[in-house]
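The following questions and answers are meant for a reader who is new to this structure.

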Amino acid sequence: MGITEYIQLVFSDYTLRTITLGTAVLGAVTGMLGSFAVLRKQSLLGDAISHAALPGIALAFLFTGSKDTNILLIGALISGLIGTFWIRGITSKTHLKSDTALGLILSVFFGFGMLLLTFIQKQPNANQAGLDKYLFGQAATLVESDVWLMTIVTGICLIVLLLFWKEFKILLFDKDYAQTLGFNTKIIDVLITSFIVLAIVLGLQTVGVVLMSAMLLAPAAAARQWTNSLGMMVVLAAILGAFAGIIGTGISATQNNLSTGPVIVLVASVFVLFSFIFSPKRGLLFKQIRLIQNRNDLELQKTLTFMYHIVEDHDDISHPHAIRILNNFRGYSKKGLRKLIDKNYVVVKGEMWSMTPKGFEVAKNLYNQNGKDD
Amino acid sequence: MISAQLEIQLIASLTAVACAIPGTFLVLRKMAMISDAISHSILPGLVVGFFITQDLNSPWLILFAAITGVLTVVLVEKIQQTKLVKEDTAIGLVFPALFSIGVILIAQYANDVHLDIDAVLLGELAFTPFDRVFYGDVDLGPKSLWVIGSILLVTLIMLFAFFKELKISTFDAGLATSLGFSPLIIHYGLMSVASVTTVGAFDAVGAILVVALMIAPAASAYLLTTNLKKMLALACFFGVFSAIAGYWMAHALDASIAGSMTTMLGLVFLLVYLFAPAKGLFAVVYREKQQRTEVSLITFLLHLQNHSEPEERHVKHLNEHINWEKVRSKTVLNLAQKNNMITIENDLVFLTEKGEEFTAKAIEYILTNEEGLIEDMKDDFFLFRG
């Protein structure tokens, strides 16, 4: 199936359109909020929350007997929030560190959730089938109302973000300053954490408990590499998240036997890898290139300085010298010499080189800047 | 109790001990989340190992998975070294990606094999007694028992052999380096043990329970003691207790053993978290409240010492001038009176001799922060107990 054909199918096929829209909206909202999680060094909070949401789903089912997505998600939201605030209680009231608190809540809540799920499965007359879709997510079960719910939540998120943009930003980068300015940091903190929990809970149905944290992190981590501005980062993360959703859905829809969640996560991971390597400012590739360039420049300068020391002893600066004597110098290379010739700092005749007046001036200033001689 | 039940509990207990030992060090080294990452990312290792050996029972599978575990740690560290993202983000990026690869590989190529993701996450403790090892015709017991038993044995040998090194490098990496141990070797040694334990254990109890068994007992123990040996012992005890109690809970509810063991671990932690004598929630909240009162007391005594005029010493004045609520000023007054530091005559407050002496001492302690000055007051005051 070609790409154009697939795009046509997206627009014509109801199920595919719903799923694509759903994953795109989900990617956008998680990318947006994930930016805050990443910058607040709460990256793994998403992992903990998504696992902590599981018992809520099971309990909601046990109490109401309903499999309505919204009711289950409310249960997930409540238990996710309980998990989050317990984590906070552990780190603030005891000497246990955040990694311990996260791992503890994550595994204990998840284990409890699994206990409840297996307990439900053993119940007679319960139509429990389908609860385990929250483990790994099933994008295929998305219906239009789910997408509407996601869109509404995204809209609310966006409004709140814009309204409290200044507060969020200040809290993010300088909490103490925010406090001295008189902002209620606790409320802002709770607000943003609650939204992160909400976004995670929304994604459970699509990508599942286990992989949800990557949805939160990957777009934000990728976006972070391209910009140093918070606004740009949030926008970029939202766009990258949406594209990860669309592309992931596309790949899994056109292949057999590929569940959507893992594919979306892998696509997002590829984005991250690409950003790590190719981002112009922070990327590894350009960093390496800059490093090599700097090293070459330095060697060139050293060679020039070395030549300058030889030339300095002679009255006539254009007095020729043998290239041979440069061989002892570590920074010297034929390529370097050619570069010096190109810059018209030295001229070479046969086996001899001599310095031009321009080269002499440059070398002299170089020497002064280095401040070695005084 | 039939022998299968006994065997399950034995396997669960051994697993608990095998996990609690590396878990204690992970918690102390602030690397608890690494165990979560390892437990997820061994999945592709298992799948690839299975493709190569074509045998789900091959010991090579454990080796492959363990190598993937160590690889995860290396990958996380490499990403972290680029300084493009923080450490926790690096962890959060690596393991979902690896786990996704594992899930996709299973779905694509191993769908007809019994390599169920649910089983990976939860394990099948209930089935472990059926997978037995035979020597000729002699029944040697369940396979899991042998696997986890040998892992535990190796872990214990390593623990006893390198206890000193582990201890020093955990609490003071700089000292360890200067003494000539390489913290790096210890680090990767610990990571390898954690990785092998995770793989060996998760066959029986699943990936999530492995994480819980590593972190929860150690975290509970850490709230009760600051002595490494006691912490290890307590962690093992909590692990074994939860394993056995969890088994019987699962028996009663007819639910997942792994799930109820984790729930027991959570309950144990909750109890310790709330009621631990010095570091539990109630103790901390009580201490904070006492300290607040005592700070108020000292402020109040200092105020009395500084002012001789009657209007500054009036009981009512407490509320107005120092701006305390009524309840609090009452508590403070009572505390001061109980300790014979003030006398109240006609609603005027006076410092007693003891009170003056105490105030002078307290100021000196606050200024110099020298122990000993306040030694005799320590029993009565939380504030000076540290």
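Q: Which helix of chain A gives the largest share of the positive patch?
A: In this predicted model, A:K334, A:K335, A:R338, A:K339, A:K343 and A:K358 gather on the surface in a patch of positive charge. Four residues, the largest share of that patch, come from one helix of chain A, which spans residues 334-342. That helix is α15.

Q: Is A:K358 buried, partly exposed or exposed?
A: A:K358 belongs to the positive patch and has its place in helix α16 of chain A, residues 357-370. Its relative accessibility is 45%. Buried requires a value under 20% and exposed a value over 50%, so A:K358, at 45%, counts as partly exposed.

Q: What accessible area do the residues of the nonpolar surface patch have together?
A: The patch is formed by A:W226, A:F274, A:F278, A:L285, A:F286 and A:I289. The elements of chain A that give two or more residues to it are α13 (260-278) and α14 (284-312). Taken together, the six side chains named belong to residues with an accessible area of about 520 Å².

Q: Which helix contributes the largest share of the nonpolar patch?
A: One of the patch residues is A:L285, which lies in helix α14 of chain A. A:L285 is partly exposed, with a relative accessible area of 35%. The largest share of the patch, three residues, comes from α14(A).

Q: How many salt bridges are there over all chains?
A: A salt bridge is counted when a side-chain nitrogen of Lys or Arg is within 4 Å of a carboxyl oxygen of Asp or Glu. One of them joins A:R40 and A:D189, and another joins A:D189 and A:R88. A further pair is A:K93 and B:E288. Over all chains, the count comes to three.

Q: How many residues apart in sequence are the parts tied together by A:R40 and A:D189?
A: The side chains of A:R40 and A:D189 meet in a salt bridge with an N to O distance of 2.6 Å. A:R40 lies in the loop between α2 (14-39) and α3 (45-52) of chain A, whereas A:D189 lies in helix α11 (residues 185-224) of chain A, so the parts that this pair ties together are apart in sequence by 149 residues.

Q: Is A:D189 buried or exposed?
A: A:R40, A:R88 and A:D189 are linked in a network of salt bridges. A:R40 is buried at a relative accessible area of 17%, and A:R88, at 23% relative accessibility, counts as partly exposed. The relative accessible area of A:D189 is 10%, so A:D189 is buried.

Q: What is the N to O distance in the salt bridge of A:K93 and B:E288?
A: This pair crosses between chains, from A:K93 in helix α5 of chain A to B:E288 in helix α13 (residues 281-306) of chain B. A:K93 is partly exposed, with a relative accessible area of 27%, and B:E288 counts as partly exposed at 30%. The side chains meet at an N to O distance of 3.1 Å.

Q: How far apart in space are B:P96 and B:T352, C-alpha to C-alpha?
A: B:P96 has its place in helix α4 (residues 87-109) of chain B. B:P96 counts as buried at 1% relative accessibility, and it touches A:L211, A:S213, A:A214, A:V265 and B:I91, not counting residues up to four places away in sequence. B:P96 and B:T352 are 256 residues apart in sequence, and in space their C-alpha distance is 67 Å.

Q: Near what value is phi of B:K83?
A: B:K83 has its place in the loop between α3 (59-81) and α4 of chain B. At 69% relative accessibility, B:K83 counts as exposed. B:K83 is a residue other than glycine with a positive phi, near 60°.

Q: Near what value is phi of B:D254?
A: B:D254 is found in the loop between α11 (228-253) and α12 (257-275) of chain B. B:D254 is partly exposed, with a relative accessible area of 45%. As a residue other than glycine, B:D254 has a positive phi, near 55°.

Key: Residues are numbered from 1 along each chain as its sequence is written. Chains are lettered from A and ligands numbered from 1 in the order in which they are written. This is a predicted model: local features need pLDDT of at least 70, side-chain atom pairs count only at pLDDT 80 or more; totals for chains, interfaces and linings use all residues. Side-chain values use heavy atoms; hydrogens and water are left out. Patches are made of residues with over 30% relative accessible area and no salt bridge: like charges are joined within 9 Å, nonpolar side chains (Val, Leu, Ile, Met, Phe, Trp, Tyr) within 5 Å. Accessible areas come from the Shrake-Rupley method with a 1.4 Å probe; for residues, only the protein chains shown count as cover. Buried means under 20% relative accessible area, exposed over 50%, partly exposed in between (1.4 Å probe, protein chains only). Lys and Arg count as positive and Asp and Glu as negative; His and the chain ends are not counted. The place of a charge is taken as NZ of Lys, CZ of Arg, CG of Asp or CD of Glu. Contact means heavy atoms within 4.5 Å.
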